[in-house]
Number of protein chains: 2
Amino acid sequence: MKSLVSRCPIEEVMQLLSGRWPTLLIYYLKQGTKRFSDLRRDNPTISHKMLSLELRKLEDAGIVERTEFGGYPLRVEYQLTPGGHRLVPLIDALGYWWETTSDGGGHSSSAGAEPVVSNTVLRD
Amino acid sequence: MKSLVSRCPIEEVMQLLSGRWPTLLIYYLKQGTKRFSDLRRDNPTISHKMLSLELRKLEDAGIVERTEFGGYPLRVEYQLTPGGHRLVPLIDALGYWWETTSDGGGHSSSAGAEPVVSNTVLRD
DNA sequence: TCGTGGTTACAAAAAGGTGCGTAATTTACT
DNA sequence: AGTAAATTACGCACCTTTTTGTAACCACGA
């Protein structure tokens with residue numbers, strides 16, 4: 001076990017949602033029920049392993065529900081839980097925030113307060 | 001430029017907010033202007049390297065404004081930009097979502113989603 | 001043999017920590 | 001007086017830890 005104490009909930013959520021995949025998977029999952037291979041098609045750059053890893057993480061967190069149908073070839077379906085659905089608008093809001101705040105290209109906005117030095121040295 | 005064009009804004013935000021520190025720093029910064037050493041005190045486990053790295057990332061993203069005062073010992077102050085302030089309630093909402101959906105912290109009220117294992121051991 | 005969902009072992013890459021150096025000025029000690 | 005140390009916010013180099021990718025394997029029925 002790595003860490004045991006839950007400091008603030010924000011840390012917890014971010015630990016869950018951090019990385020490229022969690023929000024992306026939620027994004028695709030909000031479209032409805034998806035199978036493993038569907039999600040791979042939706043997002044071709046995720047590796048097999050990552051997908052099953054992330055899916056399990058979301059499942060453990062109660063965001064995604066996994067339904068396994070018997071038989072072969074094995075069939076498994078994933079869908080958002082009610083809790084997962086409640087999360088969607090929050091994630092969307094973040095996306096909207098991004099669009100409206102730092103839009104497109106550079107944002108310089110020299111605020112011009114009292115301090116002496118210039119604000120930012122630009123980098124790559 | 002390092003990354004390709006912006007796919008969906010959600011990916012962008014998450015790339016920015018992913019990790020332990022960004023949201024934490026925003027959390028502390030919403031209390032007002034902070035200096036480098038203040039933030040280190042607020043969060044003793046962050047290394048000075050990480051702090052300056054994350055701070056610069058947030059600055060580049062337009063969330064944090066860095067104000068450098070001349071003189072020695074050098075003094076630098078950090079504060080949220082208006083955009084950064086707009087981000088705060090969204091992050092709070094995520095925290096609230098976590099509290100109300102999954103009880104990780106040791107609250108009561110089993111949500112009744114799955115057979116509970118032992119409540120002491122939780123896997124990452 | 002293929003196709004599905006998943007796991008494991010190993011390798012690569014990314015993230016993160018430690019410690020040293022730097023600046024200009026004040027304070028501390030000799 | 002003169003030297004040494006501390007201060008603040010970093011950058012850089014080096015090293016460890018964590019995460020992610022690759023590839024192969026398993027199950028089994030068509």
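These legends describe close-up views of a predicted model. Local features need pLDDT of at least 70 and side-chain atom pairs pLDDT 80 or more, whereas totals for chains, interfaces and linings use all residues; side-chain values use heavy atoms, without hydrogens and water. Residues are numbered from 1 along each chain as its sequence is written, with chains lettered from A and ligands numbered from 1 in the order in which they are written.

**View 1. Chain A, overall.** Chain A has five helices and three strands (DSSP runs numbered from the N terminus: helices are H or I with at least four residues, strands are E with at least two). Along the sequence they follow the pattern α-α-β-α-α-β-β-α. Of its 124 residues, 34% count as buried (buried is under 20% relative accessible area, exposed over 50%, partly exposed in between; 1.4 Å probe, protein chains only). Among contacts in chain A between residues at least 6 apart in sequence, 48% join residues at least 24 apart (contact means heavy atoms within 4.5 Å).

**View 2. The strands of chain A.** β2(A), residues 64-69, and β3(A) pair in the antiparallel sense over six bridges (pairing requires at least two DSSP bridges between two strands). Arg66(A) has Tyr78(A) as its bridge partner in β3(A). Five residues lie between the strands of this hairpin, and Gly71(A) there takes a positive phi near 85°. β1(A), residues 34-35, is joined to β3(A) by two bridges and also runs antiparallel to it. Here Lys34(A) stands opposite Tyr78(A). One face of β3(A) is covered, with Val76(A), Tyr78(A) and Leu80(A). Arg75(A), Glu77(A) and Gln79(A) form the uncovered face.

View 3. At least two residues each come from α3 (36-42), α4 (48-60) and β3 (75-80) of chain A and from α4 (48-60) of chain B. α4(A) gives the most, with four residues.

View 4. A side-chain N or O atom of His48(A) is 2.2 Å from a base nitrogen. The side chain of His48(B) has an N or O atom 3.0 Å from a base oxygen. A polar backbone atom of Leu74(A) is 3.1 Å from a sugar or linking oxygen.

**View 5. The interface of chains A and B.** The contact takes 42 residues from chain A and 45 residues from chain B. About 3,900 Å² is buried between the chains, 70% of it from carbon and sulfur atoms (buried area is the accessible area, 1.4 Å probe, that two parts lose on being put together, summed over both). In chain B, Leu94(B), Trp97(B) and Trp98(B) lose the most area to chain A, together 18% of what that side buries.

**View 6. Thr81(B) in its loop.** Thr81(B) is found between β3 (75-80) and α5 (82-101) of chain B. This residue is buried, with a relative accessible area of 11%. Leaving aside residues up to four places away in sequence, Thr81(B) touches Gly62(B), Ile63(B), Val64(B) and Glu65(B). A polar atom of the Thr81(B) side chain lies 2.6 Å from the backbone oxygen of Gly62(B).

Technical notes. Polar contact = N/O pair within 3.5 Å; in protein donor to acceptor, adjacent residues only side chain to side chain.
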